[in-house]
Amino acid sequence: MADARSIILHEYPSSPFSEKVRLALRLKNLAYSRVEIAMIMPRPDLMPMTGGYRRTPVMQIGADVYCDTAIILREIEARYPLYTLKLPGHEGLAQMVAGWADSRWFQSSVAVIFGHMGDAVPEAFIKDREQLSGRPFDVNALKAVAPMMKDQWRARLMLIEERLAGGKGAGAGNYLIGAKPGLVDIHAYMNVWWMKNAVPEFAQSCLENAPLTAAWARRLAEAEGQEPETITSGEALAIARDAAPRLVAATTRNEPQEFSPGEKVAVAPDDYGQIWVEGELVHADSQRVIVRRFTPEAETIHVHFPRAGFLVRRA
Ligand SMILES: N[C@@H](CCC(=O)N[C@@H](CS)C(=O)NCC(=O)O)C(=O)O
């Protein structure tokens, strides 16, 4: 049974960003628990823990809650360095690749996948995503651009093929950097995994002309890892409530906005779904911000966000 030391992933099976974390956990062979959250709001047991952040996935360890895959993967690497996915000598590169895979490539996947689903996209899902983005989720417009977006999608996939073809030395070419899988592979794999699941015939037609990428994707898909234990959202909330956040040095050195520990701040993603999470600043550095929050349901929580891609302001 999960406890305050367990990794608890709040996710849903078809979520491509969740697959990044699931794959990292499999590659590192780590035990974890999962809460299957709804694809759309409401998520009443999760919101007291995140303070309103509503993207997927979220990772919880006791009363520490990690929002966004960038900080989730950073934390997993920091806590469980055995079988490192950082690929020593190439640190930092994976996050740069994530910037590419998560934005333009992801957007072309969205157009192809939801354009393909067309009228099968449930009305409640459309409404939820419109509320999240503040923009229309126009399935007909996605359908119209899908053919051009397929070109975009394939162009990005073929960059992986070029990278793999460029590998030199024993085992090189099996993964993006050398012979072992790392975070760089995980980020690059996300859109391939999603397309293979959502529009397999299109993914297949691209992969037929990208044999190295097809083999690379198969290798990643074969990573076994451990079967997660499923727990309820209520059980996860009780674990958070009964735990205390990990002790962390209250520091804010060299902050461009000159924040100090203890100040009230608000944090939100900079792309869409700009829901501001308010709390008391505990720690801030160039890659992480931690805010302390209290709610009667979850009691004291430290909520962690990455800096790149998130806005921080005084509340
Ligand atoms: N930058 C975020 C992006 C996460 C994201 O956009 N996830 C999608 C699902 S795969 C999402 O949040 N959709 C809305 C929702 O699940 O509420 C991350 O890396 O975690």
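In which loop is P57 found? In this predicted model, local features are reported where pLDDT is at least 70 and side-chain atom pairs count only at pLDDT 80 or more, while totals for chains, interfaces and linings use all residues. Residues are numbered from 1 along each chain as its sequence is written.

P57 lies in the loop between α2 and β3 (58-61), where helices (H or I, at least four residues) and strands (E, at least two) are DSSP runs numbered from the N terminus. The peptide bond that joins T56 and P57 is cis, with omega about 5°. A cis bond also leads from M41 to P42, with omega near 5°, and P42 is placed in the loop between β2 (33-36) and α2 (47-50).

T56 also belongs to the residues around the ligand, among which are S15, P16, F17, R54, R55 and D102; a residue is near a molecule if its C-beta atom, placed from the backbone, lies within 6 Å of it. Two or more residues of this shell are given by each of α1 (16-27) and α3 (69-79). By class, the shell divides into four nonpolar, three polar and four charged residues, with Ala, Val, Leu, Ile, Met, Phe, Trp, Tyr, Cys and Pro counted as nonpolar, Asp, Glu, Lys and Arg as charged, and the others, Gly among them, as polar.

The domain assignment, which is automatic or taken from a database, gives domain 1 (8-83 + 228-314) and domain 2 (93-221). Their centres, taken over C-alpha atoms, are separated by 25 Å. The contact takes 14 residues from domain 1 and 17 residues from domain 2, two residues being in contact if their C-beta atoms, placed from the backbone, lie within 7 Å. On the side of domain 1 that touches domain 2, the largest share, seven residues, comes from α1, and this side divides into eleven nonpolar, one polar and two charged residues.

The axes of helix α6 (residues 139-165) and helix α9 (residues 211-221) come within 8 Å and cross at roughly 90°; axes are lines fitted to C-alpha atoms, for helices over the stretch in contact, and angles run from 0 to 180 degrees between N-to-C directions. In the contact, L157, I160, E161, L164 and A165 of α6 meet L212, T213 and W216 of α9.
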